[in-house]
Structure formats: structure tokens, C-alpha cells
Amino acid sequence: MTILNFRKKASVQARFTEWITPFVKSLHAVAYQYTGSKENAEDLVQDVIADIYAKNRWQDIEHPKAWLMRCLYNRFIDICRKNKYQNMIDDIDDSHKEIVGNESAETSVVVDQVHNAIQQLPPHQRALVSLCDINGYSLSELSRTLDKPLGTLKSDLHRGRQKLKQTLKLSGNDATMRLIVGGAEK
Amino acid sequence: MKCETAQGMFDEKFHQTLTKERSEVLDLHLGECVGCSSEYEEHADYLKLMAGQKQSAVLTDSEVETLISKAISARVPPTDNGFWKGFAAASILAIGLSGLFYATQPQAPSVLTLVNTQVIDTEVTLIIDSPEDIYNADFRIELPDRMALQGYDEFDELNWVLDFSKGSNAIRLPVQIAAGRDLSEPLSIKAVIDNGSTQRTFELNVDLVTMAGTAS
């Protein structure tokens, strides 16, 4: 439209790209736990990034990682409310997993089972389990980041964990999982 | 220690973030309480299982690059190449922004150059001198009757978000003047620049006979 406008786009895009790049892998890793597949995680992260870029609020953020995690969480919950990520168990993607430590068939089965069990949780419990138990955020950190009462988070996490433990025990492979977890201790 | 209190400390125990004293108190309880001891083992197994999920589906650097690029392009409106076609000549106005963000009574901008043009399709180039880099300023123009930006003839007001680099910045506006316009009357283009906290309005007058431009 104008010469200056083209220059401006290049300049802002470059600065935004430089700013967002260090956080994308972390965002995607969390989004993967939220959504259950690499492609859905990419869609979710892309959606969040596009929104942040369009609203142009990213330049003054003091704690960008925490803020981005909050954006991701809120976006995920919004989308879940619109049913976009409902019934995604069938879509769970097994093709991109990289397992930490000694990879074995049993380990892979367990990782899949845990992954599937997580996807059966309600969205907010799934998000909390992912953030706390997989990505290592503490509840007090999350309370600040997500702007939610600590007590609410604590009870949601507790419920999510109980369901997960129940699901994993009822899966018929509890003995295998115990064996693998026990083996990891050695 | 109550069982509920002990179980509330399991996460910290597992992640080794308990103080030495609290850890000893919990260990003492776990040694005495079979129920809590069993719960702790189960919880520790659960946390180990969860930790095994962490490295799933890692993006490569090129995938990150593609993802960002797609996200950005999803929000950038496509440019209309036809917008630039058809204009034949240009007039040039110059505006000084020196006082825009610092002075309440900015100095009047001055005209630098003027180039004659065809009557119907022409181009007005604004040279804006900015005292510093300014990002995301809202730039709005209001066009007079019978004048429109080429390709946007249904609009009499347009705005963009612009970055201004320190020094001179050129904004070229390909305009179309409808037939039947009295050329003895100067065209008046209103331009507003707003950086969020400060706003400045310019009145740009173009004499269609001489193609002289003035700004106020």
C-alpha cells in the first residue's frame, strides 16, 4: 500500500520472530500434551502466535514465557469450550514420540498409555497435569501465571491425578508400568 | 503428623524441595504409617511415569521457523499489486515530525519538492521527517470529495499502522481525481499520526493547477 508499510512489516516481523522463536518449542511441547497430536499442537501454537502478533501486545511483556503459557492455556480452554478438541483420542499421533532414556517396546507402550489417559481428562485437568507433572511447574507458579486461585488449581490437579492413576491401574498393564518405573530407579 | 498433611508434602518430597527438618518429619510419618507409605510409593511411580512424557513430539528448528511464518502471514493482509498500477506522476510534500512527540506547538512542516503530474491519476508522496524510530504509529488519511486512493475508490478515509524510521520516511499515495473537479480549488488531504499517547493532525493542500503542495 505504501513503501513505508512494506518496510514496517519486515521490521516488525523480524523483531517479533526474534522474540517468539526461543519459546516456540516449549509452547509446542505443552500444546502437544494439551491436544494429543503434533498437528493439533502446531495448530494451537500457530493460533496463539498469530493472535499475539495481531494484537501487538508482545513488546512490553515482562515475563514472556509465563505470559505465553497463560495465552496458550486460555486459548486451549477457549477452543475446548467450542468442542474443537473433543473426542480427539482417535487422532492421537504416535509417529513423533521421542522417549527419554532407554527406549524399549514396553516403555513405548507405557508412554502411549499415559498419553492416551491424559487425553481422556477434562481440558483444565489435562492442562494442569501437563503443566505440573510433565513440565515441572509448581502450583504456586501456575496460580500466578494463570491467575487462578491456588486452592482451585490444587483440587483440580488432585482430581486429575486421581482419574489418571485410576485409568492407568485399570488399563491391564499396571504390572508392566510398575516394572518399567521400578527399572528406572536402578 | 496427620496423614492429610503428609500427603500434601509428597510432591515436594519427590522433587526434593522440602527442608531437611520437614523431610525428616515426613520420613518419620512414612515409617510409621503403612497407608501413607503405600500412597507415597504410588505417587512417586505416577510422577516418574509423567516425567517420561516430557520429550514427546519435539519440533525441529525449521518446523519452528515455518510455524512462526505461517502464524504471521495468517494475520498480515495480502497486498494488492494492482494498487500500484496506473499512476503517472507525483507531487511531493514534506512534513517534519520533529515536534510530534515533544512539543505542544510543533513547527510548521515545509514543502521540499514538487513534480507536476497528470490530472486524473497522480501520486502524492509524503516525506515525513521523524526525530527517532517510532513503532506502530497509527497513520490515517481523509481524502476530499472526488479524490480517492487508486483501487480504494469507495473509501474516503484509510488508516495503517506504520513504523517511522529516524530521518526521512516516504509514503506514496497513488490517488485518482474524478473528472469534473474544479482544478482551481486546492485539494485538502487530512493526515493524522497517532503514536498511542500523542496525536498530530496535518492539513495537506495540493494546488491542482501548479501541483504545489503546502502543509499546515
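**A residue and its helix**

Modeller: A:L131 is found in helix α5 of chain A, which spans residues 123-134; helices (H or I, at least four residues) are DSSP runs numbered from the N terminus. The model is predicted, with local features needing pLDDT of at least 70 and side-chain atom pairs counting only at pLDDT 80 or more, while totals for chains, interfaces and linings use all residues. Residues are numbered from 1 along each chain as written, and chains are lettered from A and ligands numbered from 1 in the order written.

A:L131 counts as buried because 25 C-beta neighbours lie inside 10 Å, the cut-off being 20 or more within 10 Å. Beyond the neighbours within four places in sequence, A:L131 is in contact (C-beta atoms within 7 Å) with A:V30, A:Y137 and A:L142. Although A:V30 lies 101 residues away along the chain, its C-alpha atom is separated from that of A:L131 by 7.1 Å.

The helix that holds A:L131 also has a helical partner: α3(A) and α5(A) pack at about 155°, their axes 10 Å apart. The two are therefore roughly antiparallel, a term for angles over 145 degrees. On the α3(A) side the contact is made by A:Y73, A:F76, A:I77 and A:C80, and on the α5(A) side by A:P123, A:H124 and A:A127.

Helix α3 (residues 64-81) of chain A packs in turn with helix α2 (residues 38-55) of chain A, at an angle of about 115° and with axes 10 Å apart. Here A:L44, A:D47, A:V48 and A:I52 of α2(A) meet A:C71, A:L72, A:R75 and A:F76 of α3(A).

Note on methods: Axes fitted to C-alpha atoms, helices over the stretch in contact; angles between N-to-C directions. Contact = placed C-beta atoms within 7 Å. Buried ≥ 20, exposed ≤ 12 C-beta atoms within 10 Å, placed from the backbone. Parallel < 35°, antiparallel > 145°, perpendicular 65-115°, else oblique.
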